[in-house]
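Q: I would like to learn how to read a structural model feature by feature. Could you take me through one, giving the general idea before each particular case?

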Amino acid sequence: QTCPLLLRVFTTNNGRHHRMDEFARANVPSSELQIYTWMDATLKELTSLVKEVYPEARKKGTHFSFAIVYPDPNRQGYRVKEIGSTVSGRKGTDDSMTLQSQKNCSLFLKAVLNFNDVNTL
């Protein structure tokens with residue numbers, strides 16, 4: 001049995017993930033989406049949920065890059081781990097990757113939406 005969770009997703013559309021200092025001292029970036037999902041949710045399913053909120057991301061070829069943000073056990077602050085990517089309208093190797101497979105104990109997920117080079121992907 002898989003329990004639901006509140007996943008806090010922070011998006012950017014500049015081709016880069018948020019800087020780690022944007023997650024410091026209980027602050028988070030303002031581009032937060034709150035998604036109720038399950039640990040067995042795939043990156044492709046999360047892509048679909050983000051596309052519901054950002055219609056411009058529905059364009060075929062839009063690249064989604066995902067990373068998890070988690071507390072650093074060795075110092076105050078957070079660390080980031082790139083976990084995979086998807087492309088709108090195309091099948092990819094990371095589509096079926098789940099949060100659970102990444103041992104995601106964090107409630108932060110960063111998603112970069114790359115609209116700039118959709119014709120070259």
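Predicted model: local features only at pLDDT ≥ 70, side-chain atom pairs only at ≥ 80, totals over all residues.

The dialogue below goes from the overall fold to single residues.

Q: How should I read a core, and which residues have the most contacts inside the largest nonpolar core?
A: In soluble globular proteins, nonpolar side chains tend to be buried together. Here the largest nonpolar core has 17 residues, and those with the most contacts inside it are L7, V9, L43, L46, F66 and I83. Two or more residues of this core come from each of strand 1 (4–12), strand 2 (32–38), helix 1 and strand 3.

Q: How do I read the sides of a helix, and which residues in helix 1 are buried?
A: An α-helix has 3.6 residues a turn, so residues three or four places apart point the same way. In helix 1 the buried residues are L43, L46, T47, V50 and K51. Because they cover an arc of only 145 degrees around the axis, they lie on the same side of helix 1.

Q: How do I read a salt bridge, and how many does the model contain?
A: Side chains of opposite charge can pair when their charged atoms come close. The count in this model comes to one salt bridge, formed by K44 and D95, whose closest N and O atoms are 3.9 Å apart. This pair links distant parts of the chain, with K44 in helix 1 (residues 43–53) and D95 in the loop between strand 4 and strand 5, 51 residues apart.

Q: Which other residues is K44 in contact with, leaving aside its neighbours within four places in sequence?
A: Besides D95, K44 is in contact with T86, V87, G89 and R90, and the K44 side chain reaches the backbone oxygen of R90 at 2.9 Å. The C-alpha atoms of K44 and S85 are separated by 8.8 Å, although these residues are 41 residues apart along the chain.

Q: Where is T42 found, and what does it touch?
A: T42 is found in the loop between strand 2 and helix 1, and its relative accessibility of 15% is why it counts as buried. Setting aside neighbours within four places in sequence, T42 is in contact with D95, S96, M97 and T98.

Q: How do I read strand pairing, and how many bridges join strand 3 to strand 4?
A: In a regular strand the side chains alternate between the two faces of the sheet. Strand 3 (residues 63–71) and strand 4 run antiparallel and are joined by nine bridges. In this pairing F64 stands opposite T86, while S65 stands opposite S85. The two strands form a hairpin with six residues between them, and G77 in the turn has a positive phi of about 130 degrees.

Q: Is S88 buried or exposed, and where is it found?
A: S88 is found in the loop between strand 4 (78–87) and strand 5 (108–114), and with a relative accessible area of 1% S88 is buried. Not counting residues up to four places away in sequence, S88 touches K51, A57, R58, K59, K60, G61, T62 and F64. With K51 there is also a polar contact of 3.2 Å between the side chains, and K51 is itself one of the buried residues in helix 1.

Q: What can be said about S31, and how far apart in space are S31 and F10?
A: S31 is found in the loop between strand 1 and strand 2, and S31 is buried, with a relative accessible area of 18%. From C-alpha to C-alpha, S31 and F10 are 5.4 Å apart in space, and 21 residues apart in sequence.

Key
Residues numbered from 1 in each chain as written. Heavy atoms only, no water. Helix = DSSP H or I, 4+ residues; strand = E, 2+ residues; numbered from the N terminus. Buried < 20%, exposed > 50% of the residue type's maximum accessible area, 1.4 Å probe, protein only. Polar contact = N/O pair within 3.5 Å; in protein donor to acceptor, adjacent residues only side chain to side chain. Contact = heavy atoms within 4.5 Å. Pairing = 2+ DSSP bridges. Salt bridge = Lys/Arg side-chain N within 4 Å of Asp/Glu carboxyl O. Arc of directions from axis to C-beta. Core = buried A, V, L, I, M, F, W, Y, C linked by side-chain atoms within 4.5 Å.
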